Amino acid sequence: MSSITPTSRHSLTRFLIEEERAGHIGPDLRLLIEVVARACKRISIEVGKGALGGVLGDAGTPGAASMNIQGEAQKKLDVIANDVLMEANAWGGHLAGLASEEMDHSVPIDDMYPRGNYLLLFDPLDGSSNIDVNISVGTIFSVLRCPEGVTVPADEHYLQPGTSQLAAGYCTYGPNTTLVLTVGHGTHAFTLDREIGSFMLTTRGMQIPAETQEFAVNMSNQRHWQPPMQAYVADLLAGKTGPRGKDFNMRWVASMVADVHRLLTRGGIFSYPLDAKCEAKGGKLRLMYEANPMAMLVEQAGGAASTGRQRMLEVQPTGLHQRVPVFLGSRNEVEAAVTYHRQHDAATA
Ligand code: AHM
Ligand code: MG
């Protein structure tokens, strides 16, 4: 991992042109990423207005918040961020279609515009529960290729495993706005320079340390977890004198973007396991626009990502809004969590 000195800083535009020259991306994918980054700048401005902009609180009418397909109440900023991403990506000719956490089904690009070869999936504003309390939220996105011969993509055309992602990223709206991106050649961070309005490369080749002493999980769900997760976390909490032989610290922002940004920066494991409350749905977090893009970013930074029982990027999706259990971050710690699942499953088989 190398930090960039002020004199050698590259803009996102320059970085993408160099990726194109290196043969890592084509011009349409470069345009797509530029458009998403521009939309994220807009969202960053809206998020930053807070109470002054009238953007806080629930969408819909008082007492009757609008709901998304997940049955979750939408915040005003969820809807604003979704609209910004939809509008920005509608007309450029780089996409065949889009899918979002906030929309029941995918949407093909309108006939009035040319259609490109890519599919874009996104969670427009992740960490919705933190919007009104001024804690970091973010946008997560994933790019897939539209299958050969498909001109009007439907939901089924998005159901590709995470290994098929051509690019993935997120943007955090926190004390600073940072875009973290991979096109399959490392994971890189770009900080928004608000004075010039450009994302500037601030970390090339993020690297997650293989070992960690920090974990992130919603501990209030502990009693609802399955036995292997119970055993794993009990051993983390046992600390130095327990079987793991070291003390662990815990952090939980409740915005996946912020929790993942922390582990990309200094290591850690993030997990949202199966629990009795979300088991029937398959998990809490969504595979296609939360778990998979984060898994690609983490693997590209030398980390690992798993459902606890399978490499995340190899899960064959069956639904656009499918949910999965998630373990990702420092490689050795993810492997430790997976071992607890493997041993439990072997003992109960
Ligand atoms: P969202 O996309 O509706 O905001 O939900 C996803 C969020 C993640 O960012 C976060 O890790 C998790 O839900 C928080 O869950 P909890 O409320 O159990 O802490
Ligand atoms: Mg989310």
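This is a predicted model: local features need pLDDT of at least 70, side-chain atom pairs count only at pLDDT 80 or more; totals for chains, interfaces and linings use all residues.
Me: At what distance does a polar side-chain atom of Arg286 lie from an oxygen atom of ligand 1?

Reply: Such a polar contact is a pair of N or O atoms within 3.5 Å; within protein, one must be able to donate a hydrogen and the other to accept it, and residues adjacent in sequence count only through side-chain atoms on both sides. For Arg286 and ligand 1 the distance is 3.2 Å.

Residues are numbered from 1 along each chain, chains lettered from A and ligands numbered from 1 as written, and side-chain values use heavy atoms, without hydrogens and water.

Me: Which residues coordinate the magnesium ion (ligand 2)?

Reply: Donors are N, O and S atoms within 2.8 Å of the metal (3.2 Å for Na, K and Ca); water is absent, so sites may look incomplete. Here Asp123 (OD), Asp126 (OD) and Glu290 (OE) coordinate the magnesium ion at 1.8 to 2.1 Å. The spacing of these donor residues in sequence is D-x2-D-x163-E.

Me: Is Glu290 buried or exposed?

Reply: Buried means under 20% relative accessible area, exposed over 50%, partly exposed in between (protein chains only). Glu290 counts as buried because its relative accessibility is 1%. Asp123 and Asp126 are buried as well. The Glu290 side chain also reaches the backbone nitrogen of Arg286, at 2.7 Å.

Me: How many aromatic pairs does the structure hold?

Reply: Rings of Phe, Tyr and Trp (six-membered ring) pair if their centres lie within 6.5 Å; planes under 30 degrees apart are stacked, over 60 edge-to-face, the rest tilted. The structure holds four such pairs. Phe15 and Phe190 are edge-to-face, because their ring centres lie 5.0 Å apart with planes at 75°. Both Phe15 and Phe190 are buried. The pair of Trp252 and Tyr272 is tilted, because the centres are 5.8 Å apart and the planes stand at 55°. Trp252, at 26% relative accessibility, counts as partly exposed, whereas Tyr272, at 10%, counts as buried. One aromatic cluster is formed by Trp252, Phe270 and Tyr272.

Technical notes
Buried means under 20% relative accessible area, exposed over 50%, partly exposed in between (1.4 Å probe, protein chains only).
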